[in-house]
Amino acid sequence: MAKLDSSETSVSGLNTDHIVFPSGTNNNGLNFVLLAKNSRFLFDLLNSYAQGILILSDKGDIVYINENGQDLLLQLNKRQLNSIYLPQEIDYLFKFQSEVHSQFPTETWSMTISISTSEYNIFEIQTRWIHLRSSNSDCLLFVMEDSNQKIKEVILKQAIHYGLTPRETDVWLLHRLHYTYKEIAVKLTITPSTVKKHMRNILAKQRSIKEQETTH
């Protein structure tokens, strides 16, 4: 399994100014690099992509990972404290897709799964094999997204639109993340009755804004 290493590496005489990951499985000392300085525009584009991008070689070495991809892998690794390896879920998906690829080499299988953790985090991961003509090699592309992040962005916009207080925003966010009233109370160190009071206020503000919008 590949190790995560943020050290800077020089490849073919070019100093790359982005993260390059050394192989954790090969002993040939080679690193796979997708983009260098002369591809700055493409690099910036991928690095600012809202979804996490991870590309593994057919040997399981990391070809490329953007910043959001790194953040998502660290979140998945929370249950493996101080781990510098790829999360077990990613390793399993790589092995599964590798087996499928070996059985059906002329077909491209795209697979999307959702991973729910005990911390109410939901990760959506899509995988598919891609062929790099420049190196005549196959790589496995992972497109990863924290579903909760999308909900958080929506909630923050709603909080502003409905004029929610900071505490009401916290309660509404946890409610939308499917926490029970009791769980919200424990999380925010308040009583369940206080949670109910906040929810009544939130719903009242929503109704008021919606009524104003329908009358204009």
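1. Is threonine 189 buried or exposed? In this predicted model, threonine 189 is exposed, because its relative accessible area is 71%; buried means under 20% relative accessible area, exposed over 50%, and partly exposed in between, with a 1.4 Å probe and protein chains only. Threonine 189 is placed in the loop between helix 6 and helix 7. Its phi is near 55°, a positive value in a residue other than glycine.

2. Conventions. Residues are numbered from 1 along each chain as its sequence is written, and side-chain values use heavy atoms, with hydrogens and water left out. As the model is predicted, local features need pLDDT of at least 70 and side-chain atom pairs count only at pLDDT 80 or more, while totals for chains, interfaces and linings use all residues.

3. Confidence. The mean pLDDT of the protein chain is 77, and 71% of its residues reach 70 or more; pLDDT is the predictor's confidence in each residue, from 0 to 100. Strand 1 (residues 10-11) has the lowest confidence, at a mean of 32, whereas helix 6 (residues 181-188) has the highest, at 93. Over residues 3-38 the pLDDT is below 50, and this stretch has 68 contacts in the model beyond near neighbours in sequence. Contact means heavy atoms within 4.5 Å. Where pLDDT is low, the predicted coordinates should not be read in detail.

4. Overall architecture. The protein chain has seven helices and seven strands, in the order β-β-α-β-β-α-α-β-β-β-α-α-α-α from the N terminus. These elements are DSSP runs numbered from the N terminus: helices are H or I with at least four residues, and strands are E with at least two. Of the 216 residues, 36% count as buried. Among contacts between residues at least 6 apart in sequence, 44% join residues at least 24 apart.

5. Helix 3. This helix (residues 88-103) has 16 residues, and its first and last C-alpha atoms are 23 Å apart, close to the 22 Å expected. The expected span is 1.5 Å times one less than the number of residues. Buried residues of helix 3 are Glu89, Ile90, Asp91, Leu93, Phe94, Gln97, Val100 and His101. Their cover includes helix 2 (67-76) together with strand 3 (52-57), strand 5 (111-116), strand 6 (122-132) and strand 7 (137-146).

6. Serine 114. This residue belongs to strand 5. Not counting residues up to four places away in sequence, serine 114 touches Ile122, Phe123 and Glu124. Serine 114 and serine 147 lie 33 residues apart in sequence, with 9.0 Å between their C-alpha atoms.

7. Helix 6 against helix 7. Helix 6 and helix 7 (residues 192-214) pack at an angle of about 105°, with their axes 8 Å apart. Axes are lines fitted to C-alpha atoms, for helices over the stretch in contact, and angles run from 0 to 180 degrees between N-to-C directions. The two helices are therefore roughly perpendicular to each other; angles under 35 degrees count as roughly parallel, over 145 as roughly antiparallel, 65 to 115 as roughly perpendicular and the rest as oblique. On the helix 6 side, Tyr181, Ile184 and Ala185 meet Pro192, Val195, Lys196 and Met199 of helix 7. By class, this contact has six nonpolar, no polar and one charged residues. Ala, Val, Leu, Ile, Met, Phe, Trp, Tyr, Cys and Pro count as nonpolar, Asp, Glu, Lys and Arg as charged, and the others, Gly among them, as polar.

8. Helix 5 against helix 7. Helix 5 (residues 166-176) packs on helix 7 at about 95°, with the axes 10 Å apart, and that makes helix 5 roughly perpendicular to helix 7. Helix 5 contributes Arg167, Glu168, Val171, Trp172 and His175, while helix 7 contributes Val195, His198, Met199, Asn201, Ile202, Lys205 and Gln206. The residues of this contact divide into five nonpolar, four polar and three charged.

9. Burial of helix 7. The 23 residues of helix 7 should span 33 Å at 1.5 Å a residue, which agrees with its end C-alpha atoms being 33 Å apart. Its buried residues are Val195, His198, Met199, Ile202, Gln206 and Ile209, and what covers them includes helix 4 (147-162), helix 5 and helix 6.

10. Isoleucine 209. Within helix 7, isoleucine 209 counts as buried because its relative accessible area is 17%. Leaving aside neighbours within four places in sequence, isoleucine 209 is in contact with His161 and Tyr162. The C-alpha atoms of isoleucine 209 and histidine 161 are separated by 8.2 Å, with the two residues 48 apart along the chain.
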